[in-house]
Amino acid sequence: MSGFSEVVRQYMEVRGLGVRALARSAGYDPSYLSKVLRDRKPYGADIARHLDEALSAGGEIIQAAAAPPPSPRDPEEPVAPELVSYFRTQLAGHYSADMFLGPKNLIPTVQAQTELLMDLASRADAAVRPGLLDTGAAYAALLGWLHQDAGDLTSSARWRDITLSLAHRSGSPELVSYALTNKAMLALDSGNGRAVTDYAQAALAGERQLPAKCRILALQHQAQGEAMLGNRAVADRLLDSAAGLTGRVDDEHPWGNACRRTPHYVEVQRATCYGRTGAPADAADAAGLWDQIMKSMPAEARRDNAVFAARQAQALAQVPDPHRVLEITAAAAETVPATGSARLRRELGGIRERARPWIRTRAGRELSGILAGIG
């Protein structure tokens with residue numbers, strides 16, 4: 001499949017459009033468009049422009065159509081096995097750097113390495129290719145996360161799909177499960193609770209064969225989805241199951257290690273779930289949990305600490321405790337410029353919504369001023 005066809009199909013999946021719906025939107029005959037996408041009919045600048053507009057691709061489809069075809073190469077070329085270890089070591093460093101730097105500083109480096117890994121995997125021999133695919137899937141997962149944290153959900157969705165594809169090609173059940181929890185994470189930011197639970201349940205397929213880390217990640221995402229649907233009791237049961245697995249996380253993979261490095265990981269998820277239900281009583285319980293959690297968070301997790309603090313302020317805004325809301329919000333807002341985290345900006349923006357009953361008070365006006373400073 002050409003790069004043009006591949007990009008179009010990726011956007012079709014993201015937008016949830018089939019060939020007939022896309023053809024209708026772009027003004028083409030479905031049979032003709034189907035042949036174009038199967039590389040049985042030529043395509044030009046006009047159809048690329050119409051499809052780009054119909055799929056809101058921001059020019060990416062036009063660029064793909066204008067790009068020269070890849071140069072032919074031998075189906076397999078020698079690729080040094082040592083490169084797999086090299087990229088895995090680099091990946092662990094990228095995950096550590098993410099806690100300090102946030103997405104705006106890391107995306108160019110991680111994307112360049114991910115694309116290089118995919119290129120190497122496309123021409124490596126059968127002995128080396130599985131390791132490159134495995135590592136490439138982990139890189140694509142990180143890149144999907146970085147774009148999501150930066151607020152670019154379209155690019156994030158594309159890399160989430162690539163992660164799942166590479167995970168299937170690598171034959172790793174662990175990576176397939178992790179890729180599905182990544183799609184659940186993206187659905188969280190899209191506000192689709194049912195999609196979150198669906199992806200999380202799919203990630204638990206063959207649960208008994210999955211390592212503890214994969215099961216914890218899937219269970220906590222399923223809990224988040226249930227909380228979005230207002231099912232606190234179900235979320236609690238799922239998180240209780242996850243809590244029973246935390247002492248069994250012992251793999252060496254650099255991906256998905258938040259459940260190992262974050263103090264009180266399950267309670268962080270529980271407090272987040274309580275905040276997602278929207279119920280005042282749950283907000284009070286969330287505030288109490290956050291008070292316990294924030295005392296033990298490591299200082300180096302700057303971006304995550306700010307995100308958690310914003311969630312704490314959301315809960316306190318509902319309690320309400322305006323004085324503490326102002327104090328916590330002001331401190332968390334200072335992290336936005338350095339990290340470029342849209343997730344942090346969104347969590348901070350959620351404080352205003354929870355503070356709606358008192359937003360016209362003096363404290364509310366001060367809160368509005370703080371939030372106005374972050375855009």
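I looked up R311 and E347 and found their side chains meeting in a salt bridge, 3.1 Å from N to O. The pair links distant parts of the chain, with R311 in helix α17 and E347 in helix α20, 36 residues apart. I checked accessibility next: R311 counts as buried because its relative accessibility is 14%, and E347 is buried with a relative accessible area of 11%. I note that the model is predicted.

I then turned to a network of salt bridges with shared partners, which joins R232, D236, D240, E267, R270, D282 and D285. One of its members, R270, sits in helix α15, residues 265–277. Apart from neighbours within four places in sequence, R270 is in contact with D236, L239, D240 and L289.

I searched the whole structure for salt bridges and got 18. Side chains of opposite charge can pair when their charged atoms come close.

Two further pairs involve helix α20. I found D149 and R343 joined by a salt bridge of 3.6 Å, N to O. D149 belongs to helix α8 (residues 129–149) and R343 to helix α20 (residues 342–354), and the two are 194 residues apart. D149 counts as buried, as its relative accessibility is 0%; R343 is buried too, with a relative accessible area of 11%.

For R346 I found a salt bridge with D189, the closest N and O atoms being 2.9 Å apart. R346 lies in helix α20 and D189 in helix α10 (residues 173–189), so this pair ties together parts 157 residues apart in sequence. R346 counts as partly exposed at 35% relative accessibility, and D189 is partly exposed with a relative accessible area of 24%.

I looked at the surface for charge. K35, R38, R40 and K41 gather there in a patch of positive charge. R38 is in the loop between α3 (30–37) and α4 (45–54), and counts as partly exposed at 39% relative accessibility.

Last, I checked the backbone. Most residues other than glycine have a negative phi, and most peptide bonds are trans. S56, a residue other than glycine, has a positive phi, near 50 degrees. S56 is placed in the loop between α4 and α5 (60–66) and counts as exposed because its relative accessibility is 53%. The peptide bond from V319 to P320 is cis, with omega near -5 degrees. I located P320 in the loop between α17 (302–318) and α18 (322–333).

Note on methods
Residues are numbered from 1 along each chain as its sequence is written. This is a predicted model: local features need pLDDT of at least 70, side-chain atom pairs count only at pLDDT 80 or more; totals for chains, interfaces and linings use all residues. Side-chain values use heavy atoms; hydrogens and water are left out. Patches are made of residues with over 30% relative accessible area and no salt bridge: like charges are joined within 9 Å, nonpolar side chains (Val, Leu, Ile, Met, Phe, Trp, Tyr) within 5 Å. Accessible areas come from the Shrake-Rupley method with a 1.4 Å probe; for residues, only the protein chains shown count as cover. A salt bridge is a side-chain nitrogen of Lys or Arg within 4 Å of a carboxyl oxygen of Asp or Glu. Lys and Arg count as positive and Asp and Glu as negative; His and the chain ends are not counted. The place of a charge is taken as NZ of Lys, CZ of Arg, CG of Asp or CD of Glu. Helices (H or I, at least four residues) and strands (E, at least two) are DSSP runs, numbered from the N terminus. Buried means under 20% relative accessible area, exposed over 50%, partly exposed in between (1.4 Å probe, protein chains only). Contact means heavy atoms within 4.5 Å.
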